[in-house]
Amino acid sequence: SSDGWPAEPVELTDQTFEDFVKKYPKVVVDCWAPWCGPCRMLSPTIDAISKDMKGKVAFGKVNTDDNYQVSSKFRVMSIPTLLFFKDGQLVDKMVGAAPRVVVEQAMRKALG
């Protein structure tokens, strides 16, 4: 059942990140910052995919300005960066804003 699965990206922090990534078998985390133009371009795409993939993939968002631990642990050098987790483990990442079809291709490759 998809009950309890978020239908939109959940704001994550250094403190809540680990629990969220472990809670769902497939997770995509959008690493972003408010000043970042490409992040703002990517955001509506992520919102739309998260709504359509509810119950299959959980989405999170991390503001890299406020959450240094996540950024440094996963070596997020430029934003936006999408982090793909399967069963709590980082399996892939994607850097830069991209059209929905490209994001979905990356998700399929990383998460199956």
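**Basis.** I note that the model is predicted, that local features need pLDDT of at least 70 and side-chain atom pairs pLDDT 80 or more, while totals for chains, interfaces and linings use all residues. Residues are numbered from 1 along each chain as its sequence is written, and side-chain values use heavy atoms, with hydrogens and water left out. I took helices (H or I, at least four residues) and strands (E, at least two) as DSSP runs numbered from the N terminus. I counted two strands as paired if DSSP finds at least two bridges between them.

**Sheet.** I traced an open sheet of five strands with mixed pairing, in the order β1-β3-β2-β4-β5. Its edge strands are β1 (10-12) and β5 (89-95), each of which pairs on one side only. On average, neighbouring strands of this sheet are turned by 25° against each other, direction ignored. For such angles, axes are lines fitted to C-alpha atoms, for helices over the stretch in contact, and the angles run from 0 to 180 degrees between N-to-C directions.

I then checked two of the pairings. Strand β2 (residues 26-32) runs antiparallel to β4 (residues 81-86), over six bridges. Lys26 has Lys86 in β4 as its bridge partner. The pairing of β4 with β5 is also antiparallel and has six bridges.

**Hairpin.** Two residues lie between the strands in the hairpin of β4 and β5. I located Asp87 in the loop between these strands; its phi is positive, about 50°, although Asp87 is not a glycine. Asp87 is exposed, at a relative accessible area of 60%. The classes are buried under 20% relative accessible area, exposed over 50% and partly exposed in between, with a 1.4 Å probe and protein chains only.

I looked next at the loop between α3 (68-73) and β4, where Pro80 lies. The peptide bond from Ile79 to Pro80 is cis, with omega near 0°. Arg75 has its place in the loop between α3 and β4. Its phi is positive, near 50°, in a residue other than glycine. I list Arg75 as exposed, at 59% relative accessibility.

**Asp30.** Is Asp30 buried or exposed? I found Asp30 in strand β2, and it is buried, with a relative accessible area of 1%. Leaving aside neighbours within four places in sequence, I recorded contacts of Asp30 with Leu42, Ile46, Gly60, Lys61, Val62, Pro80, Thr81 and Leu82. Contact here means heavy atoms within 4.5 Å.

**Helices.** I followed helix α4 (residues 100-111), which lies across β2, β3 (58-63), β4 and β5 and runs at about 30° to β4. Two packed helices are described by the angle between their axes and the distance between the axes. For helix α2 (residues 37-52) and α4, I noted an angle of about 55° and axes 10 Å apart. The two helices, α2 and α4, are therefore oblique to each other. Angles under 35 degrees count as roughly parallel, over 145 as roughly antiparallel, 65 to 115 as roughly perpendicular and the rest as oblique.

Which residues of α2 meet α4? I listed Leu42, Thr45, Ile46, Ala48, Ile49 and Asp52 in α2, which meet Arg100, Val103, Glu104 and Met107 in α4.
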